[in-house]
Amino acid sequence: MLTFVGLGLYDERSITVEGRDALRAADRAFAEFYTSRLVGTSVDALESHHGVDIEVRDRAGVERNPDPILDAAADGDAVFLTAGDAMISTTHVDLRLRAIDRGIDTRVVHGVTAQSAASGLTGLQNYRFGKAVTLPFPRAHGGAGVPDSVVDSVAANRERGLHTLVYLDIKVDDGRGPDAGERFMTADVAADLLAAEWPDRLAVAVARAGSPDPLVAADRLAALADRDFGDPLHLLVIPGEVHHVEADALRTLADAPAALLPE
């Protein structure tokens, strides 16, 4: 059996009870933290809290050389851990399909996602979100500013009246070493990049979703670019057409300027 377990959004306690039980009962535990990570904890703290040993795999160790994971699942019960939900990345789906091809039973224990948290914290309704986008560091895509694909997706969502969830780029190590080498795009940097296209457009910054002290702030992109939102992880939401209940939520929960919202 290979069980995919989402760890949730923040620390070693963010996992569901079902996920915790699967992790503690497994013969082997593997994890990847290159697609995302838990900024409120470390691998050592995860191991100590759950009483397990966790083998962290880098990208090559999951995508190019998954045999150690699959062999462990073929011989016993293995879990594969990811931050957020267990099946958000194509990498995770591919690993599950490889397991099934080898005749290994699989199951998924879901975790809280940034998408559901963004909806819950901002008051913007989940069913009114369109296609999500990821905003990369400029040099990561070989250019400057915002990729055309991001601009086009935001514009397409807005034409349909839909909100856009903007994931912000991260570059992380495996969680065991010092912070050197880790980079997290912050909401102010993202807002500054997007303000080149839409300086006066309403946006909502969400920082540290899932933590004890999340921050939610709504304003023009140009104004958000001048603010400090503290520790990561951050994301942005660019609202489309705002329902009156959503407008009330943004005023109350995110201190949105009245001039940017329908009455």
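Reply: Buried here means under 20% relative accessible area, and exposed means over 50%. The model is predicted.

Take the aromatic pair first. A search of the whole structure finds one such pair. The rings of Phe 4 and Phe 80 have centres 5.9 Å apart and planes at 70 degrees, so the pair is edge-to-face. Phe 4 belongs to strand E1 (residues 2–6) and Phe 80 to strand E4 (residues 78–82), so the pair ties together parts that are 76 residues apart in sequence. Phe 4 has 0% relative accessibility, so Phe 4 counts as buried. Phe 80 also has 0% relative accessibility and therefore counts as buried.

Now the largest nonpolar core. In soluble globular proteins, nonpolar side chains tend to be buried together. The largest core here has 27 residues, and Leu 135, Leu 194, Leu 221 and Leu 236 touch the most other members. Seven elements each supply at least two residues: strand E6 (133–135), helix H7 (148–159), strand E7 (164–168), helix H8 (187–195), strand E10 (202–207), helix H9 (221–224) and strand E12 (234–238). H8 gives the largest share, six residues.

Leu 194 shows how the parts meet. Leaving out residues up to four places away in sequence, Leu 194 touches Leu 135, Val 146, Leu 221, Leu 236 and Ile 238. A second, separate core holds 21 residues, among them Ala 118, Leu 165, Leu 202 and Ala 254.

Next, the backbone. Most residues other than glycine have a negative phi, and most peptide bonds are trans. Leu 233 sits in the loop between H9 and E12.

Arg 208 sits in the loop between E10 and strand E11 (215–220). Its relative accessible area is 11%, so Arg 208 is buried.

Asp 255 falls in the segment after helix H10 (244–254). At 64% relative accessibility, Asp 255 counts as exposed.

Arg 183 lies over the face of Phe 137, 3.9 Å from the ring centre.

Technical notes. Residues numbered from 1 in each chain as written. Predicted model: local features only at pLDDT ≥ 70, side-chain atom pairs only at ≥ 80, totals over all residues. Heavy atoms only, no water. Core = buried A, V, L, I, M, F, W, Y, C linked by side-chain atoms within 4.5 Å. Buried < 20%, exposed > 50% of the residue type's maximum accessible area, 1.4 Å probe, protein only. Helix = DSSP H or I, 4+ residues; strand = E, 2+ residues; numbered from the N terminus. Contact = heavy atoms within 4.5 Å. Phe/Tyr/Trp six-rings, centres within 6.5 Å; stacked < 30°, edge-to-face > 60°. Lys NZ or Arg CZ within 6 Å of the ring centre and 35° of its normal.
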